[in-house]
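Student: I am new to this one. Can we go through it step by step?
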Amino acid sequence: MVTYEFNRESRLLTPGQFQAVFSKPLRFGSSHITILATPNSDNNNRLGLAIAKKRVKLAVQRNRIKRQIRESFRLNQHNLPHIDIVVMVKSGTDKLENKEINQQLEKIWRKIIQRHKK
RNA sequence: CGAGUUGACGAGACAAUCGCUGCUUCAUCGUUGUGCCUUCGGGUAGACAGAUGGAGGGGAGGAAAGUCCGGGCUCCAAUGAGCAGGGUGCCAGGUAACACCUGGGCGGCGUAAGCCGACGACAAGUGCAGCAGAGAGAAGACCGCCGAUGACCGCUUGCGGAACAGGUAAGGCUGAAAGGGUGCGGUAAGAGCGCACCGGAUUGCUGGUAACAGUAAUUGCAGGGUAAACUCCACCCGGAGCAAGACCAAAUAGGGUUUCAUAUGGCGUGGCUCGCGUUGAAACCGGGUAGGUUGCUUGAGCUAUAGAGCGAUUUAUAGCCUAGACGAAUGAUUGUCACUUUCUUUUUUUGAAAAGGAAAGAUACAAAACCCGGCUUAUGUGUCAACUCACUUA
């Protein structure tokens, strides 16, 4: 079933859920973005964002990056296996344009899908 | 038309597709909660929760920022007063309050519109001031001026000389600052020594609510600066914050009460005895973690009209509801237009300007986190209004 929805069930909400991902992650990365992933027991993919104030200083830039990640996740989630994901960001990401962020994310989604098939 | 000042408004627009989050409404479901009925088996309802789907409508700012002031609200503590500590500081008004705003005064800047100012007191006590300079606080003879008077030398015996005693703050030098300023008189030279004007101080009068201003008389001038130095004076201030606070409340562990069961008991240690340790079931109660709900947006609110006031502001009436998220929504992509920058073409041309085309552009600063009133800082730029100066024309 192809869905483009993104509601509260598609998000990591509590510190416990975040800890579960941090404790035994599979790492995927690109030059500016790191993704931690763990298989989950639900029928959903769930997304969590960890955009540190230390890495991206302005609130406006943090919001922009979060929205780009969410949008990309929303459009690609039907291809992914059932996993929990935490996206982290490195310094300098606020200098990237929306298109560049998207390209990096799509690369990572492909990596995850390949890994899953094996 | 050019240069500028002040104030107000705006903060890209529209469309398509895919989404996020509240609200309203419609349809369907109803195995759950809930309501009603009950012969306690269940039946029934669709008001409210809930689920699914559809439709409509709302969804960041002028600074949301910095968290620098002031309040509301909440809890804690409270009878008042004082001390400590902190804050404010020309006057009057506005306000819930303020360090804010308005009007006024004074001082400074600007040709002007206008802008800027912690702008009480050195009276009491204590402190601070490098270098330079003769002297830095009831000052000071370094250069200079004088040498009338007294002493000295010369003689023409009342004049000259020299500069010893001494006089002198007008001039020079030093410094951020040298003990009122300018002019005339005066004098040996000078000096508020005398006078005129200006300034200051004291006292009175006039105007003003006041800050203050004006004016008259008196007084030769009253002994510097610094209080974002301690200090003094006047006034103000209890503490902590929405992670405040209120409510519901799992799982696991533990607490209390009651009832039942029962103790020469059971279990553990141990070969056994003694000894030591430990204790079953049910109901109820309170505390309370995770989590959830609330606080949470109707408010010192906004708009219009009328009245009061120079104004800040305020009064009355009418209308309106305008974000409430919580690992944190308000978006993404594409297209057209607008805007900015760059390049280029044509026309007129001294420079340059106008029109057209193309390319590029997270389109300035920056995003709510309980809510208001301010301040400060950031901000590509656009529109409008009032005013000032200069130039041209009449």
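Tutor: Start with Ser 72. In this predicted model, Ser 72 touches Asn 102, Leu 105 and Glu 106, leaving aside residues up to four places away in sequence.

Student: Where does Ser 72 lie?

Tutor: Ser 72 is part of helix α2.

Student: Why does Ser 72 count as buried?

Tutor: The cut-off is 20 or more other C-beta atoms within 10 Å. Ser 72 has 21 C-beta neighbours inside 10 Å, so Ser 72 counts as buried.

Student: What makes the span of helix α3 agree with its number of residues?

Tutor: Helix α3 has 20 residues, 98-117. At 1.5 Å a residue they should span 28 Å. The end C-alpha atoms are 29 Å apart, so the two values agree.

Student: Which residues of α3 are buried?

Tutor: Ile 101, Leu 105 and Ile 108.

Student: How do you know that they are on the same side of α3?

Tutor: They cover an arc of only 60 degrees around the axis, and therefore sit on the same side of α3. In general, an α-helix has 3.6 residues a turn, so residues three or four places apart point the same way.

Student: What is exposed on the other side of α3?

Tutor: Lys 99, Gln 114 and Lys 117 are exposed there.

Student: What covers the buried residues of α3?

Tutor: The cover includes β1 (26-29), β2 (33-39) and α2 (59-76).

Student: How many helices and strands does chain A have?

Tutor: Three helices and four strands. From the N terminus, their order is α-β-β-β-α-β-α. Of the 118 residues of chain A, 23% count as buried.

How values were computed: Residues are numbered from 1 along each chain as its sequence is written. Chains are lettered from A and ligands numbered from 1 in the order in which they are written. This is a predicted model: local features need pLDDT of at least 70, side-chain atom pairs count only at pLDDT 80 or more; totals for chains, interfaces and linings use all residues. Helices (H or I, at least four residues) and strands (E, at least two) are DSSP runs, numbered from the N terminus. The expected span of a helix is 1.5 Å times one less than its number of residues. A residue is buried if 20 or more other C-beta atoms lie within 10 Å of its own, exposed if 12 or fewer, and partly exposed in between; C-beta atoms are placed from the backbone. The arc is that of the directions from the helix axis to the C-beta atoms. Two residues are in contact if their C-beta atoms, placed from the backbone, lie within 7 Å.
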